[in-house]
Amino acid sequence: MKVIPVNLPGQDHSYEIVLDPGGRQRLGEYLSEVLPGRRLWLVTDTLVARLYGHDIVTRLQEQGLEVSLLTVARGERSKSWPVAARLIQQLLTQGADRGSALVAMGGGVVGDLTGFVAALFMRGIPVVQVPTTLLAMVDASIGGKTAINIPAGKNLVGAFHQPSLVLIDPQVLLTLAHRERLNGLAEVVKMGFILDAELLAFLSGPARRLWADRNLEPGELLTEIIARAAAGKAGVVAADEREGDRRRLLNFGHTLGHALEKASHFRLKHGEAVAIGMAAALDLSVARTGLPAAAAQEGKALLTGLGLPVQAPPLPPAEVLQALMVDKKKQGQRMVFVLLRRLGEAVVHPEVPLDMVAAWLEKNRGT
Ligand SMILES: NC(=O)c1ccc[n+]([C@@H]2O[C@H](COP(=O)([O-])OP(=O)(O)OC[C@H]3O[C@@H](n4cnc5c(N)ncnc54)[C@H](O)[C@@H]3O)[C@@H](O)[C@H]2O)c1
Ligand SMILES: [Zn+2]
């Protein structure tokens with residue numbers, strides 16, 4: 001078991017990230033400790049309910065906890081006003097009040113939605129995050145950002161609402177689809193690129209076999225990877241709870257990544273698009289921030305070796321640039337990019353010419 005403290009300025013909302021293989025079986029003990037005496041609602045999606053949620057709620061009830069299950073449909077569309085409103089209505093109908101609390105068990109969709117509802121309900125009730133995708137374990141569940149989507153765009157309505165606890169049970173990743181695992185792995189590699197060269201060495205060395213043969217084992221290696229990446233994110237958000245420069249480093253690979261996601265009409269998954277964005281950022285770093293060319297090659301080889309893409313999809317570069325232009329980080333014909341000085345050290349670089357990005361897309365366009 002590993003415990004990562006998240007110490008935020010203003011003691012009242014510091015909390016712990018607990019990595020406990022098999023810990024879902026001990027959820028009752030964790031909840032009794034951090035939220036004693038509260039009536040609880042566990043929110044999840046239909047798949048996670050079937051795999052884990054129903055059993056866990058039954059077990060919690062047997063242990064004497066007052067807990068009910070609320071389920072939403074799978075997928076990004078559940079991060080919406082109508083679904084949030086329905087959850088709030090269900091909470092009211094079922095007697096929730098200021099003394100209640102929510103448990104978000106699922107991927108980033110469930111985590112963001114449940115956190116959002118917890119932030120609003122009765123002006124805010126506690127939420128415990130129990131992330132079940134790799135992406136949610138190392139990224140979405142940490143940092144207190146919650147959101148829903150509106151027609152104008154993703155995550156445009158939200159609130160900061162820190163969880164009371166993040167409980168990670170790596171064993172649940174065994175049931176996660178390979179493509180979803182890779183989706184989260186891109187964010188793990190990102191943490192390595194921006195601040196943890198040892199994590200990169202670990203991923204290209206001992207941990208490589210976990211992904212190479214698609215045969216994920218929920219042992220110490222996996223726990224170690226998740227712990228390092230989660231600790232990296234926790235360190236950044238603790239230093240910089242809202243949107244400051246350090247938190248911006250988390251956007252490594254994301255400027256171009258978001259544009260690729262959009263231009264591909266979301267056929268590329270977030271992690272795939274970010275992997276391509278990171279490959280581009282590695283090359284741009286050679287030109288702009290003095291990253292040795294050999295290090296950029298090493299970084300791209302790591303991505304490829306893990307099964308992540310490094311080539312742009314066969315889209316006209318102009319379409320990708322169009323999506324990039326509407327990005328808020330544009331300043332004239334130059335863009336703000338997060339680049340690397342070396343593997344494990346990132347900087348915010350305000351001056352990447354759009355031409356250079358266009359040239360990269362042209363040169364690295366896949367078929
Ligand atoms: N709040 C933040 O800081 C933050 C950061 C990054 C991403 N996000 C958000 O996270 C969301 C994406 O999260 P995601 O990638 O986890 O997607 P997701 O929540 O849609 O989960 C992906 C799929 O995996 C399934 N699943 C979840 N756990 C499983 C398990 N253990 N076994 C089998 N199947 C399982 C789900 O049912 C779903 O179909 C996006 O909405 C994004 O905006 C938020
Ligand atoms: Zn991301």
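Reader: By class, how many nonpolar, polar and charged residues does the shell around ligand 1 have?

Author: First, a word on the source: this is a predicted model, where local features need pLDDT of at least 70, side-chain atom pairs count only at pLDDT 80 or more, and totals for chains, interfaces and linings use all residues. Residues are numbered from 1 along each chain as its sequence is written, while chains are lettered from A and ligands numbered from 1 in the order in which they are written. Ala, Val, Leu, Ile, Met, Phe, Trp, Tyr, Cys and Pro count as nonpolar, Asp, Glu, Lys and Arg as charged, and the others, Gly among them, as polar. Sorted that way, the shell around ligand 1 holds 10 nonpolar, 10 polar and 8 charged residues.

Reader: Which helices each supply at least two residues of that shell around ligand 1?

Author: Being near the ligand takes a C-beta atom, placed from the backbone, within 6 Å of it; 28 residues surround ligand 1, with Gly 107, Gly 108, Val 109, Thr 132 and Thr 133 the closest. Helices here are DSSP runs (H or I, at least four residues), numbered from the N terminus. The ones that each give at least two residues to the shell are H2 (46-62), H4 (108-120), H5 (134-140) and H6 (178-195).

Reader: Are H14 and H15 parallel, antiparallel, perpendicular or oblique to each other?

Author: The axes (lines fitted to C-alpha atoms over the stretch in contact, with angles from 0 to 180 degrees between N-to-C directions) of H14 (residues 317-325) and H15 (residues 354-363) come within 9 Å and cross at roughly 140°. Under 35 degrees counts as roughly parallel, over 145 as roughly antiparallel, 65 to 115 as roughly perpendicular and the rest as oblique. So H14 and H15 are oblique.

Reader: Is His 265 buried or exposed?

Author: His 265 sits in the loop between H11 (254-263) and H12 (270-288), and its phi is near 55°, a positive value in a residue other than glycine. A residue is buried if 20 or more other C-beta atoms, placed from the backbone, lie within 10 Å of its own, exposed if 12 or fewer, and partly exposed in between. With 8 other C-beta atoms within 10 Å, His 265 is exposed.

Reader: And Phe 266, buried or exposed?

Author: Phe 266 is also found in the loop between H11 and H12, with a positive phi near 65°. Because it has 12 C-beta neighbours inside 10 Å, Phe 266 counts as exposed.
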